[in-house]
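I opened the notebook to go through this structure piece by piece. The entries below follow the order in which I looked things up.

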Amino acid sequence: MKATATANANIALVKYWGKRSSDPILPQNGSISMTCEGMATKTTVEFSEQYAEHTVTINDEEFKKDEKDIHGHIDRVCKLAGIKQHARVVSESNFPVAAGLASSASGFSALTMAACQAAGLKLSPRELSILTRQGSGSACRSVFGGFVEWHRGQRDDGSDSYAEEIVGKEYWPEFRMIATIVESKKKPVSSRGGMAQTVATCPYYKDWLATVDGDLKVMKEAIEERDFEKVGSVAEFNALKMHATMITTKPSIIYWIPATMEIIHAVRQMREEGIQAYFTMDAGPNVKVLCQEQDVKEISMRLAELEGVTNTILCKPGDGAKIVTEHLF
Ligand code: DP6
């Protein structure tokens, strides 16, 4: 009753921001992401009589309960599989987990897949994405590779709120994302807390929702047409709209720090010079720069020169979550 899975992080091109239900987790709007080769989590799960409780170790540190209820998610898998044993979970990521880089997406995706396999649960990819979504919303997209859509769904039980591949990673191999990490002293508000506050207090939240379906439609077309400018411009504007709702909540959530602005302006300057680069941002100060393979060298060099940029992580379209044979313990 032991299994290991790896999953890549994913970065949304049309963002998930706001829940219509928190139990089960159901989104207010659909979203589209790229699964990122370059930022991965590997997780081993073992169920055994010898464990008196679930234990979770992430990057060599014991995980303490927080708002992302990993222990509760393991219980969910046990209940479905009808098993009574407890689990030992060990997880490692190849990128900084606290940097607001979708670590919960790769983490929950790898955990769910490994736990199901270890528990002997046979689920279809769609069922796996529905189960993964209950741990953390954005994680349901990491079940699949390439470019992925998470459908909002209509039902209260969440049976129609699942992720699905739009195109596989081989469809657009030149697409790149440069995660640009900035120095940040302040711990930002979590995405979970931030989105709840936005839904509750932002006067413009309904306006955000009114534009998302249009963005989803254009983004899907743009991906299918491999139209980089269209993907980049819709992604950038979508992220700015999401941040506009964050900024106008009470109390205001401002994730941007000076280095964030430096990168935004640098990207816009590059565009003026004819280099195709666009930015997107999530619930934190880091900026992800979208570009194509041919421009990676120039763009990375310019980003590295900016004050406050500590490092960059280069990602390309990657695989969905998968079972591997090498365990972590
Ligand atoms: C800004 O998936 O972390 O990254 O469902 O509460 O676990 P929970 O939230 P989470 O939120 C991600 C928000 C985002 C946008 C996105 O990835 O679509």
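This is a predicted model: local features need pLDDT of at least 70, side-chain atom pairs count only at pLDDT 80 or more; totals for chains, interfaces and linings use all residues.

**Entry: two positive phi values**

I began with the backbone. Asp60 sits in the loop between S5 and S6. Its phi is near 70°, a positive value in a residue other than glycine.

Asn59 is in the loop between strand S5 (55–58) and strand S6 (61–62). Asn59 is not a glycine either, yet its phi is positive, about 45°. At a relative accessible area of 27%, Asn59 is partly exposed.

**Entry: cis peptide bonds**

Next I looked up cis peptide bonds. One joins Asp23 and Pro24, with omega about 0°. I found Pro24 in the loop between strand S2 (19–22) and strand S3 (25–27). Another cis bond runs from Lys250 to Pro251, where omega is near -10°. Pro251 belongs to the loop between helix H6 (228–247) and helix H7 (258–272).

**Entry: aromatic pairs**

How many aromatic pairs does the whole structure hold? My search found six. I took Phe147 and Phe175 as one of them: the pair is edge-to-face, with 5.3 Å centre to centre and 85° between the planes. These two residues link distant parts of the chain. Phe147 is in strand S8 (residues 147–150), and Phe175 is in strand S10 (residues 175–182). They are 28 residues apart.

I checked the burial of both partners. Phe147 has a relative accessible area of 0%, so I logged Phe147 as buried. Phe175 is buried too, also at 0%.

Phe175 has a further partner. Trp172 and Phe175 form an edge-to-face pair, at 4.9 Å centre to centre and 75° between the planes. Trp172 and Phe175 are both buried. I then asked which residues form one aromatic cluster. The members are Phe147, Trp172, Phe175, Phe228 and Tyr278.

**Entry: charges over rings**

I looked for arginines over aromatic rings. Arg126 lies over the face of Tyr162, 3.9 Å from the ring centre. Arg226 has its charged end over the ring of Tyr171, 4.5 Å from the centre of that ring.

**Entry: the ligand**

I listed the residues around the ligand. There are 18, and the closest are Tyr16, Lys19, Lys68, Ser136 and Ser138. By class, this shell has seven nonpolar, five polar and six charged residues. Which element gives the most to the shell? Helix H4 (residues 191–201) does, with three residues.

Then I went through individual contacts. A side-chain N or O atom of Lys19 is 2.5 Å from an oxygen atom of the ligand. For Ser138, the distance from a side-chain N or O atom to a ligand oxygen is 2.6 Å. Arg192 places a polar side-chain atom 2.7 Å from an oxygen atom of the ligand. I also looked up how much of the ligand is covered. Taken alone, the ligand exposes 460 Å², and the protein buries 95% of that.

**Entry: Thr44**

Thr44 lies in strand S4 (residues 31–48). I counted Thr44 as buried because its relative accessibility is 0%. What does its side chain reach? The side chains of Thr44 and Thr4 are joined by a polar contact of 2.7 Å. The Thr44 side chain also reaches the backbone nitrogen of Leu328, at 2.8 Å.

**Entry: Lys206**

I placed Lys206 in helix H5 (residues 205–224). At 57% relative accessibility, Lys206 counts as exposed. Lys206 and Thr245 are 39 residues apart in sequence. In space, their C-alpha atoms are 9.6 Å apart.

Terms used
Residues are numbered from 1 along each chain as its sequence is written. Side-chain values use heavy atoms; hydrogens and water are left out. Rings of Phe, Tyr and Trp (its six-membered ring) pair if their centres lie within 6.5 Å; planes under 30 degrees apart count as stacked, over 60 as edge-to-face and the rest as tilted. Helices (H or I, at least four residues) and strands (E, at least two) are DSSP runs, numbered from the N terminus. Buried means under 20% relative accessible area, exposed over 50%, partly exposed in between (1.4 Å probe, protein chains only). A charge sits over a ring if NZ of Lys or CZ of Arg is within 6 Å of the ring centre and within 35 degrees of the ring normal. A residue is near a molecule or strand if one of its heavy atoms lies within 4 Å of it. A polar contact is a pair of N or O atoms within 3.5 Å; within protein, one must be able to donate a hydrogen and the other to accept it, and residues adjacent in sequence count only if both atoms are side-chain atoms. Accessible areas come from the Shrake-Rupley method with a 1.4 Å probe; for residues, only the protein chains shown count as cover. Ala, Val, Leu, Ile, Met, Phe, Trp, Tyr, Cys and Pro count as nonpolar, Asp, Glu, Lys and Arg as charged, and the others, Gly among them, as polar.
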